[in-house]
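Here is a short tour of a few local features worth a look in your viewer. Have the sequence and the model side by side as you read.

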Amino acid sequence: MIQKHNNALKTTLKDFNFMLFKGLIDLLFPQICMSCESALHTREDLLCTKCRFDIPTCDWKDAQDNLITDRLKGRVHLAYADALLYFEKGNKTQKLIHQLKYKQQKQISRYLGLWHGENLKQKAWFQNFDVIIPVPIHARRRRQRGYNQVEDYAKALSQVLNCEYNDNILYRHHYSRTQVFKNRISRTEVIEHNFKLKTNQSFDGKHLVLVDDLITTGATAEACFIQLSKLKNVKLSLLTMAVAA
Ligand SMILES: [Zn+2]
């Protein structure tokens with residue numbers, strides 16, 4: 001009994017010391033909010049409470065008729081599409097995505113994946129997905145940035161939604177700007193040529209979900225879906241961190 005009590009006391013002390021230590025570290029090196037840059041409190045993570053509350057979330061009830069399915073209408077046949085956040089020039093989402101893509105704040109990717117995953121599980125339309133596929137980035141871009149900004153988001157989604165993560169289905173290579181001008185082809189066509197299918201595996205009867213950071217015109221997603229549509233008898237859906245409003 002006394003031993004049990006001592007152990008509980010030790011754990012409490014350990015927790016207390018940890019909180020004290022974290023408090024001290026926070027005081028010396030304050031963590032800042034990835035959107036508004038104000039100092040975070042000990043219990044806040046990446047976003048301050050105000051930004052987490054104020055950041056514009058999509059919260060769509062319908063995954064078959066929304067801003068993304070509208071934007072891709074006639075170009076891609078999607079089973080479902082959903083985005084977590086609305087993106088506008090200068091808004092909180094833009095600041096957050098900017099930190100993720102250009103300021104080495106890789107942890108934002110997983111943060112958004114866990115958030116979006118939990119959010120999806122609450123939706124009435126939600127059914128099981130089979131495979132989560134991140135939009136690949138070109139090897140040179142990956143070297144510059146050090147990571148694919150979509151990867152941890154996709155992995156977190158696969159973890160929360162309990163399905164496979166697979167980054168061996170799509171491949172991205174590079175088309176130089178000179179070639180673009182030389183061939184006088186449209187931007188959409190250029191992006192289309194950037195992606196290739198790199199699998200011989202059968203995904204017969206599977207629900208594949210492409211995952212991207214931001215949908216603006218939808219050209220990148222469309223290019224990926226053109227490749228994924230070559231797989232026989234698959235259902236295709238799209239999840240993104242954000243969509244340009
Ligand atoms: Zn904030």
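In this predicted model, N233 is exposed, because its relative accessible area of 53% lies over the 50% cut-off. N233 sits in the loop that links α10 (219-228) to β7 (235-244). Its backbone deserves a glance too: N233 is not a glycine, yet its phi is positive, at about 50°.

N162 belongs to the loop between α7 (151-160) and β3 (164-165), and it is exposed, with a relative accessible area of 69%. The table puts the two asparagines side by side.

| Residue | Loop between | Phi | Relative accessible area |
|---|---|---|---|
| N233 | α10 (219-228) and β7 (235-244) | about 50° | 53% |

Now let us turn to the metal site. Which residues coordinate the zinc ion? The ligands are C33, C36, C48 and C51, each through its SG atom, at 2.3 Å. Along the chain these donors follow the spacing C-x2-C-x11-C-x2-C. The angles among the 4 donor atoms run from 104 to 117°, and the site is tetrahedral; for four donors, that label requires all angles to lie between 85 and 135 degrees.

C33 lies in the loop between α1 (2-28) and α2 (49-54), whereas C51 is in helix α2, so the pair ties together parts that are 18 residues apart in sequence. Are these two residues buried or exposed? C33 is buried, with a relative accessible area of 1%, and C51 is buried as well, also at 1%. Both values fall under the 20% limit for a buried residue.

The last stop is a pair of helices. Two packed helices are described by the angle between their axes and the distance between the axes. For helix α4 (residues 92-102) and helix α5 (residues 107-121), the axes come within 8 Å and cross at roughly 130°. The two helices are therefore oblique to each other, since this angle falls between the roughly perpendicular range of 65 to 115 degrees and the roughly antiparallel range over 145. On the α4 side, the contact is made by L96, Q99 and L100, and on the α5 side by I108, S109 and L112. Sorted by class, this contact has 4 nonpolar and 2 polar residues, with no charged ones.

Conventions:
Residues numbered from 1 in each chain as written. Predicted model: local features only at pLDDT ≥ 70, side-chain atom pairs only at ≥ 80, totals over all residues. Heavy atoms only, no water. Axes fitted to C-alpha atoms, helices over the stretch in contact; angles between N-to-C directions. Helix = DSSP H or I, 4+ residues; strand = E, 2+ residues; numbered from the N terminus. Parallel < 35°, antiparallel > 145°, perpendicular 65-115°, else oblique. Contact = heavy atoms within 4.5 Å. Nonpolar A, V, L, I, M, F, W, Y, C, P; charged D, E, K, R; others polar. Donors = N, O, S within 2.8 Å, 3.2 Å for Na, K, Ca; no water. Tetrahedral: all angles 85-135°; square planar, octahedral: opposite > 155°, others 65-115°. Buried < 20%, exposed > 50% of the residue type's maximum accessible area, 1.4 Å probe, protein only.
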